[in-house]
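Me: I have a structure open here and I'm new to it. Can we go through a few points?

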Amino acid sequence: MKSLIAFFQKITGKKKAYCCNDCLCNLYMVLDGEASPEQQEKFMKHIDTCSHCFECYKVDRSVKELIKYKIQNMEVPSSLIESIKNKIGPGKC
Amino acid sequence: MPLIKPLYNFAFRLTFDEDDAHDLVQETYLKAYRFIDSYEKGTNAKAWLFRILKNSFINDYRKSSKQPGMVDYQEVESYYNSDEVDEPITSDLRVDAFKDMLGDEVANALNALDVDFRTIIILCDLEGFTYEEMAKILDIPIGTVRSRLHRARQLLKDKLREYAKTMGFKE
Ligand SMILES: [Zn+2]
């Protein structure tokens, strides 16, 4: 499979982001906490030996962390809370 | 109202307008209150509210103003499933380039994405919803959640790469 991809890259000059589609799906499943323990273990084992997927994993993980930790939340205007409370009625939300 | 903060932020990141975000969140709460019976006990209340907000946004805001932001999913999905995907090469983006990136720059990269791609990143990475919850919020199959997320992340990395470049980082 790997050599086929390499061959494909050679003839087209294109490079795939991951060594195989399986890795790509598992990468996001692992990253998003959706992978089964078996999938997780398989992927972690794979990136031990595949430096390409390991790099991809590091990048995608840090992009996810960027979004999670660097984007600042807006302050909710107090007028909004007041207005909702007034419309629904006190003590009901 | 512990959920108002994520709801307001979601609304603002959809509309980029404080007044619109205000109205959208208010409407969400009023609808939730009116249709409280449709909430299934034991399910994620935050996901339920996000779904109401998303539907209000589509019905009231998107229809009128942001048509060009629509994405042809048929096209995206066939792109994803094709063997001849010419993907941007992920590993040329260096992790070091991110370390000094500011929140504003990250937000700009996110804001530059089409609304559907922006939405899925917010739901997944910012709010931490599961694939199943996102499928419910967006009324799409889980397979579409995954392919949309995949595409959104590729586009986001493209944007971040552009920012990193303008900041003078080597690729
Ligand atoms: Zn690999």
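Me: Is A:Lys64 buried or exposed?
Reply: In this predicted model, A:Lys64 has a relative accessible area of 15%. That is under 20%, so A:Lys64 counts as buried.

Me: Which side chain does A:Lys64 meet in a salt bridge?
Reply: The partner is B:Asp125, at 2.9 Å from N to O. The pair crosses between chains, with A:Lys64 in helix H4 (residues 51-70) of chain A and B:Asp125 in helix H7 (residues 115-126) of chain B.

Me: And B:Asp125, buried or exposed?
Reply: B:Asp125 is buried, at a relative accessible area of 3%.

Me: How many salt bridges are there over all chains?
Reply: Twelve. One of them joins B:Arg51 and B:Asp139, at 3.0 Å from N to O. Those two are 88 residues apart: B:Arg51 is in helix H3 (residues 45-65) of chain B, while B:Asp139 is in the loop between helix H8 (131-138) and helix H9 (142-166).

Me: Which residues do salt bridges with shared partners join into one network?
Reply: A:Asp32, A:Lys64, B:Asp125 and B:Arg153.

Me: Where do B:Glu27 and B:Lys31 lie?
Reply: Both are in helix H2 (residues 18-34) of chain B, four residues apart, or about one turn of the helix. B:Glu27 is partly exposed at 23% relative accessible area, and B:Lys31 is partly exposed at 22%.

Me: Changing topic, what is the secondary structure of chain A?
Reply: Five helices and zero strands. Of its 93 residues, 39% count as buried.

Terms used
Residues numbered from 1 in each chain as written. Chains lettered and ligands numbered in written order. Predicted model: local features only at pLDDT ≥ 70, side-chain atom pairs only at ≥ 80, totals over all residues. Heavy atoms only, no water. Buried < 20%, exposed > 50% of the residue type's maximum accessible area, 1.4 Å probe, protein only. Salt bridge = Lys/Arg side-chain N within 4 Å of Asp/Glu carboxyl O.
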